[in-house]
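User: Hi, can you walk me through this one? I'm new to reading structures.
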Amino acid sequence: MGQNVVTPIEVSSNDNLCGILSGSGDKSISHRALIIAALSAGCSRLTGLLLSDDVRCTIEALRQLGIQISEPNGNSVLVHGAGIGGLTDPVGPLNLGNSGTAARLLMGVVAGNPISAVFIGDESLSRRPMDRVVKPLRDMGASISLAASGGLPATVGGKNSLIPIEYHLPVPSAQVKSSILLAGLHCPGVTSVTEDRSTRDHTENLLAKFGADVRVEALNSGRHICVAGQPELNPQDLLIAGDPSSAAFPIVAALLTKNSEVCVKGVGVNKTRMGLFDCLREMGADLQVVSRGEVGGEPVADITARTSTLTGINVSADRAPSMIDEYPILAVAAACADGATVMQGLGELRVKESNRFTAIVEGLTKCGVKVEEEGDVMTIVGREGWTSWHHMPKICTHGDHRIAMAFFVMGLTCPQPITIDDMSMVATSYPGFTDDMALLGVQL
């Protein structure tokens, strides 16, 4: 992908946000649908795919691996699958840009093919830990080398037939789970993954929809997932549900600004992704969720948010897997609430696109919000804890799209304008973000 031009923006207080948005395609599902379609035997049509920078990295990587992908119009993508084990050696490195999902899932796929591929990414992705996915793939028989830091670049040497394993995730991770299950498709026998806390289950859902033999067993707060290897996956005509992680930003903006009502239509409401909305309800948010049935095997709904008075809550560590991407925007909601919000178990935020834990603390502090941190626990004191400030704070996004969008929403509530150092990377997950916010009435 090309280098984005740095795009700073000044955001001021806004009220009266009103309107209806169509949810943009779910990023997690888009990556997975492309990859699984590439492993099927025939042509799949994917409609409503999120064509963000991250997802385009997956498309280009699959093309380098020999998969024909065409875009006949702006709303559909055709993927001509090569079947299990049908990938070919890429001519050059696979550049996954900023996408940890693409890198980790494709490692699992490449591991099951008799090819070799070098994985590279941007500076942020190169810092992210890859050993958590490399260990189980090595146990399955793949040959993988990493940079001395434990990140990218990585060289993956695959095999015709991997060894099925039974793997217990030491840390809840949908990406690691998915990588193992995708590698397991290339094994003679059954590969299983046990997770102590349930993570997003889009991979399991899509594998089943494409015809894989997938079995899921509930285990207290976690699950045991098994996949039978060497299936023939069937191509699908698939519609992608809307992304709850993207919908979170205009929804929280409506809750925090005066005289506002915003509806986002067609949002995926998979229970493994609803942690933020559960928190907002507990804080007193006026949210209306109207079911619209299923799209591509995922439940969807129209979500309407209205101006609300929020109250601080305690967010347990158990909720982290269902909202790991939403903590930045939850932190903004907490800053505008009455009382303190305590968020526990945030260690995983330190190894996302940026050190999101530090970025949240740093940004809120610049905005006059009192924030306390102890280990992996963050306490945000709401409006009564704000200090006065007499300058325009400049928020450093650290190249992180969710930090950028969260503090854009923060700027809509602040007594004075704030400057965000760069919005360009928002294109990795929500290319139409500023246009959508303008449609709701945000004045920039």
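Predicted model: local features only at pLDDT ≥ 70, side-chain atom pairs only at ≥ 80, totals over all residues.

User: Where does Thr365 sit?
Analyst: Thr365 belongs to helix H11, which covers residues 356–366.

User: And how far is Thr365 from Gly25?
Analyst: In sequence, they are 340 residues apart. In space, their C-alpha atoms are 33 Å apart.

User: Switching to Lys27. Buried or exposed?
Analyst: Buried. Lys27 has a relative accessibility of 8%, and the limit for buried is under 20%, so Lys27 counts as buried.

User: What does Lys27 touch?
Analyst: Set aside neighbours within four places in sequence. Then Lys27 contacts Leu50, Ser52, Asp54, Val55, Asp243, His401, Arg402, Thr428 and Ser429. Lys27 itself is in helix H1, residues 27–38.

User: Zoom out. How many helices and strands are there?
Analyst: The protein chain has 13 helices and 23 strands.

User: What about the overall size?
Analyst: The C-alpha atoms fill a box of roughly 65 × 45 × 45 Å along the principal axes. The radius of gyration is 21 Å. A compact globule of 444 residues would have one near 22 Å, so the chain agrees with that.

User: How much of the chain is buried?
Analyst: Buried residues make up 59% of the 444.

User: Which residues touch the most others in the largest nonpolar core?
Analyst: That core has 79 residues, and the ones touching the most other members are Leu280, Tyr327, Leu364, Ile380, Phe408 and Met410. Helix H8, residues 244–256, gives the most to this core, with nine residues.

User: Pick Leu280. What does it touch?
Analyst: Not counting residues up to four places away in sequence, Leu280 touches Val252, Leu255, Ala285, Leu287 and Ala333.

User: What share of contacts link residues 24 or more positions apart?
Analyst: Among contacts with a separation of 6 or more, the share is 77%.

Terms used: Residues numbered from 1 in each chain as written. Heavy atoms only, no water. Helix = DSSP H or I, 4+ residues; strand = E, 2+ residues; numbered from the N terminus. Rg over C-alpha atoms; globule rule 2.2 N^0.38 Å. Buried < 20%, exposed > 50% of the residue type's maximum accessible area, 1.4 Å probe, protein only. Contact = heavy atoms within 4.5 Å. Core = buried A, V, L, I, M, F, W, Y, C linked by side-chain atoms within 4.5 Å.
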